[in-house]
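User: Could you take a close look at one part of this protein for me, the surroundings of the ligand? I'd like the strands and domains around that spot tied in as well.

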Amino acid sequence: MESAGAATTSAGVAGEGPAEGAQEAAGQALRPHAEDAFAAELAALAEQDDRPRPARWLLSPWAVATYLLGGTLPDGTVITPKYVGPRRIVEVAVTTLATDRALLLLGVPGTAKTWVSEHLAAAVSGDSTLLVQGTAGTPEEAIRYGWNYARLLAHGPSREALVPSPVMRAMSEGMTARVEELTRIPADVQDTLITILSEKTLPIPELGQEVQAVRGFNLIATANDRDRGVNDLSSALRRRFNTVVLPLPESADAEVDIVSRRVDQIGRSLDLPTGPDGIDEIRRVVTVFRELRDGVTTDGRTKLKSPSGTLSTAEAISVVTNGLALAAHFGDGVLRPGDVAAGILGAVVRDPAADRVIWQEYLEAVVRERDGWKDFYRACREVSA
Ligand SMILES: Nc1ncnc2c1ncn2[C@@H]1O[C@H](COP(=O)(O)OP(=O)(O)OP(=O)(O)O)[C@@H](O)[C@H]1O
Ligand SMILES: [Mg+2]
């Protein structure tokens, strides 16, 4: 009976507006939505932003970019950076949303595609929850609309019996819709988006009606480079998108910066103590990940084999966060090599046979010889045995 409702994804239901009890508990959400977590920053930006705003945008494009990249407002309010990367990329992404083209964020795993999409929707529309999660099983109803079968049977087809998808709601309210992992969605279902994006309308043949997008509507899709070839976008659909490729962090310093910022934020939300001492370990995790990912040591002298895992920035963040939890609960609260070694091993060795050999070689040839890495080498040896 609930199948039509379920087809609109649970995010669609959450978007209906949280119940009162849920609203009270919102401050305790394990992971608050971007618009709630950064409500104060968004309010300060809205107040001091005197540039022109596109229809129904809460902020001007300039203020949206400042929200993402960080900065200091005239009254001294500090806006924390959400995305660390080339400014131009963010400017192009934000500008796209103010045009009649949709935005496609493309990149390898862990390059903050989902993260950027959420923050863009939060800053532009104040709501990042109009979300369709793409999977191989995503049905057309998840992008268009479904039916509440109890109402359909009782009263026949009507607007009351219709369950709008997050995309339909974004169209009628002039908001930003999000589609995650677009290229995992079967090609024929993807193509439902063509009419929506080119004609800006969603026909409801059962009712002889249509929903026309109001100004302010746009869509952000994300797609993973690694999924290329799974369900490639048809050229008709691709033409409706401006593609922005999110790069891997350009330098080790930039990556260390991203990891320590995010670990600090996540750690605070989990009530983990964060000490400045962790920075050495973060640097080591990032160095190991980058060297194995690039297939060469930082000094360019030793060629390495790359393991099968992606070793993304996102994984470095979770290795360090887990390490901090270990240090907090079973150590003295200071992040040490022993706290991250097991996490690194788990991220590197995905394929127990091939990756283990690659890891052992790296450990003996590179880690062992490196100045100041003795304790780290010992910790890794211990967990690898
Ligand atoms: N350049 C960056 N700036 C800020 N945060 C970043 C950056 N790169 C990665 N991150 C962090 O990495 C984490 C994971 O990012 P996210 O889930 O958005 O990646 P993704 O590109 O969607 O990956 P996937 O392809 O696996 O879905 C986020 O917590 C994000 O903060
Ligand atoms: Mg993602």
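Analyst: Here's a walk from the ligand shell out to the strands and then the domains. Before we start: this is a predicted model, where local features need pLDDT of at least 70 and side-chain atom pairs count only at pLDDT 80 or more, while totals for chains, interfaces and linings use all residues. Residues are numbered from 1 along each chain as its sequence is written, and chains are lettered from A and ligands numbered from 1 in the order in which they are written.

Okay, the ligand. There are 19 residues around ligand 1, and Ala112, Lys113, Thr114, Trp115 and Ala314 come nearest (a residue counts as near if its C-beta atom, placed from the backbone, lies within 6 Å of the molecule). By class, that shell has nine nonpolar, eight polar and two charged residues. Here Ala, Val, Leu, Ile, Met, Phe, Trp, Tyr, Cys and Pro count as nonpolar, Asp, Glu, Lys and Arg as charged, and the others, Gly among them, as polar.

Which elements supply at least two residues of the shell each? They are helix H8 (113–125), strand S10 (218–224), helix H15 (252–269) and helix H17 (313–330). Helices (H or I, at least four residues) and strands (E, at least two) are DSSP runs, numbered from the N terminus.

Buried means 20 or more other C-beta atoms, placed from the backbone, within 10 Å of a residue's own. Both faces are covered, with Asn218, Ile220, Thr222 and Asn224 on one side and Leu219, Ala221 and Ala223 on the other.

S10 also has partners (strands pair if DSSP finds at least two bridges between them). Strand S3 (residues 102–107) runs parallel to S10, joined by five bridges, and Leu104 has Ala221 as its bridge partner there. Strand S7 (residues 176–180) is parallel to S10 too, through four bridges, with Val179 opposite Ala221.

Now zoom out. The protein chain is divided into domain 1 (3–245) and domain 2 (252–384), with bounds from an automatic or database domain assignment. Their contact takes four residues from domain 1 and eight from domain 2, contact meaning C-beta atoms, placed from the backbone, within 7 Å. On the domain 1 side, those residues divide into three nonpolar, one polar and no charged. The domain centres, taken over C-alpha atoms, are 34 Å apart. Back at the ligand, domain 1 and domain 2 both give residues to the shell around ligand 1, so ligand 1 lies between them.

Key:
Two residues are in contact if their C-beta atoms, placed from the backbone, lie within 7 Å. A residue is buried if 20 or more other C-beta atoms lie within 10 Å of its own, exposed if 12 or fewer, and partly exposed in between; C-beta atoms are placed from the backbone.
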